[in-house]
Amino acid sequence: MRILGIDPGTSLIGYGIIDVDGKNYKTISFGSFKTGVNIRNADRVLDVYNFFDKLIKKYKPDKIALES
């Protein structure tokens with residue numbers, strides 16, 4: 001199973017992708033996405049959407065975990 005974990009923020013969002021097979025875990029990718037400082041919220045949302053849309057299409061996670 002492939003899991004995408006997201007640590008949300010306003011201008012900096014962290015993510016990690018792991019594969020889980022029973023008791024074994026394998027890191028696939030991790031990083032962060034930073035939006036501009038003086039950007040309108042509507043543009044920020046679009047940038048975040050586009051980033052995660054590409055990430056999801058590339059890695060095809062089975063589940064997504066979002067920190068609250």
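How many helices and strands does the chain have? The chain contains 1 helix and 4 strands, where helices (H or I, at least four residues) and strands (E, at least two) are DSSP runs numbered from the N terminus. Along the sequence these elements follow the pattern β-β-β-α-β. The model is a predicted one, in which local features need pLDDT of at least 70 and side-chain atom pairs count only at pLDDT 80 or more, whereas totals for chains, interfaces and linings use all residues. Residues are numbered from 1 along each chain as its sequence is written, and side-chain values use heavy atoms, with hydrogens and water left out.

Overall dimensions come next. The C-alpha trace spans about 45 × 20 × 15 Å along its principal axes. Of the 68 residues, 24% count as buried, that is, under 20% relative accessible area with a 1.4 Å probe and protein chains only (exposed is over 50%, partly exposed in between). For contacts, defined by heavy atoms within 4.5 Å, 41% of those with a separation of 6 or more join residues 24 or more positions apart.

In soluble globular proteins, nonpolar side chains tend to be buried together.

I6, found in strand β1, is buried with a relative accessible area of 15%. Not counting residues up to four places away in sequence, I6 touches I13, G14, F52, I64, A65, L66 and E67. F52 is likewise buried, with a relative accessible area of 9%; leaving aside neighbours within four places in sequence, F52 is in contact with L4, I6, I13 and Y15.

F52 also belongs to an aromatic cluster, together with Y15, F33 and F51. Rings of Phe, Tyr and Trp (its six-membered ring) pair if their centres lie within 6.5 Å, with planes under 30 degrees apart counted as stacked, over 60 as edge-to-face and the rest as tilted. By this rule there are 3 aromatic pairs. One of them, F51 with F52, is edge-to-face, at 5.0 Å centre to centre and 90 degrees between the planes.
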